[in-house]
Every structure is written in structure tokens, then in C-alpha cells.
Amino acid sequence: MYDAYDKQKKLHFDVINVGLRAQATAVGLVQLCKELRDANVLSEAAVDRIKDAIACEVSINPPRGSTRDRYRHDVLERLDQLFAGEKEVGPAEALAFGAQP
């Protein structure tokens, strides 16, 4: 029986095998979620679950020197900014190396 982390790792490798790691796919997903939320098709809770799924996927392999939980928290903060579309998120290097954006 899989626990949540094992299920996430399996999904991680399945997504890689399909080739869905492209930035264009991610941008399309963010835009689709924003459009559906604005049209009241997706609730804020649904968008939060989508962001949570993304954060779980991204935090499968945190950078050296960062705990998975801390990295996941930082990713979720950036996703909140990205989905809000109101703030500049900053460079990914700041996230990967623990610098402040």
C-alpha cells in the first residue's frame, strides 16, 4: 500500500515519462486555473488543492541544504503570488539556494 509520498513520487515519474515538464504547460495550467476561478467554475479551495499538488510535485527533490517541508512551504508562497498575478515572483535561484527574493 502506498503512502501519500510514494503516490506523489509515482505521479512524478509518470508525468516525466509523459513529457509534461514543459514551462508552457505550467503557464497554461496557471492561466486556466485563473480563468476558471474568475468564472466561478473553480472555488478558491479547488485552486488551493491544485497549488498543493504542484508544491508536492516540486518538493519531491528539494535542493541540498533545504528540508522538504521548508522547500514546499517556500514553493507554496511563490505559487500564491503566481496565481494571484499581483507580485513578481523573483528568480528561482533564490528559492533553490535559500536566498531572499
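1. Two residues are in contact here when heavy atoms lie within 4.5 Å. By that rule, and not counting residues up to four places away in sequence, cysteine 33 touches Leu42, Val47, Ile50 and Phe83. Cysteine 33 is buried at 3% relative accessibility, where buried means under 20% relative accessible area, exposed over 50%, and partly exposed in between (1.4 Å probe, protein chains only).

2. On the source of the coordinates: this is a predicted model, in which local features need pLDDT of at least 70 and side-chain atom pairs count only at pLDDT 80 or more, while totals for chains, interfaces and linings use all residues. Residues are numbered from 1 along each chain as its sequence is written, and side-chain values use heavy atoms, with hydrogens and water left out.

3. Confidence is given as pLDDT, the predictor's confidence in each residue, from 0 to 100. The protein chain has a mean pLDDT of 80, and 74% of its residues reach 70 or more. Among the elements, helix α5 (residues 92-96) has the lowest mean pLDDT, 59, whereas α3 has the highest, 92. Where pLDDT is low, the predicted coordinates should not be read in detail.

4. Secondary structure is taken from DSSP runs: helices (H or I, at least four residues) and strands (E, at least two), numbered from the N terminus. The protein chain comes to five helices and zero strands, in the order α-α-α-α-α along the sequence. Of its 101 residues, 21% count as buried. Among contacts with a separation of 6 or more, 43% are between residues 24 or more positions apart.

5. The largest nonpolar core has eight residues: Val30, Cys33, Val47, Ala55, Tyr71, Val75, Leu79 and Phe83. Helices α2 (23-38), α3 and α4 (68-84) are the elements that give two or more residues to this core. The largest share, four residues, comes from α4. A nonpolar core is a set of buried Ala, Val, Leu, Ile, Met, Phe, Trp, Tyr and Cys residues joined through side-chain atoms within 4.5 Å.

6. Lysine 51 deserves a separate look. This lysine lies in helix α3 (residues 44-58) and is buried, with a relative accessible area of 6%. Leaving aside neighbours within four places in sequence, lysine 51 is in contact with Glu44, Leu76, Leu79, Asp80 and Phe83. Two of these, Leu79 and Phe83, also belong to the largest nonpolar core.

7. Aspartate 80, one of the contacts of lysine 51, sits in helix α4. Aspartate 80 counts as partly exposed, at 40% relative accessibility. Its C-alpha atom is separated by 8.6 Å from that of aspartate 48, 32 residues apart along the chain.

8. On the cysteines: a disulfide is a pair of cysteine sulfur atoms within 2.5 Å, and by this rule the count is zero. Cysteine 56 is partly exposed, with a relative accessible area of 24%, whereas cysteine 33 is buried.

9. Two further C-alpha pairs link parts of the chain that are apart in sequence. Alanine 4, in helix α1 (residues 4-18), is exposed at 64% relative accessibility. The C-alpha atoms of alanine 4 and cysteine 56, 52 residues apart along the chain, are separated by 9.8 Å. Valine 27, in helix α2, is exposed as well, with a relative accessible area of 57%. From valine 27 to leucine 82 the C-alpha distance is 9.9 Å, and 55 residues separate them in sequence.

10. On aromatic rings: those of Phe, Tyr and Trp (its six-membered ring) pair if their centres lie within 6.5 Å, with planes under 30 degrees apart counted as stacked, over 60 as edge-to-face and the rest as tilted. A search of the whole structure finds zero aromatic pairs. Arginine 68, however, lies over the face of tyrosine 5, at 4.0 Å from the ring centre. For such a case, NZ of Lys or CZ of Arg must be within 6 Å of the ring centre and within 35 degrees of the ring normal.

11. One backbone angle should be noted. Asparagine 40 has a phi near 60°, a positive value in a residue other than glycine. Asparagine 40 is placed in the loop between α2 and α3 and is exposed, at 71% relative accessibility.
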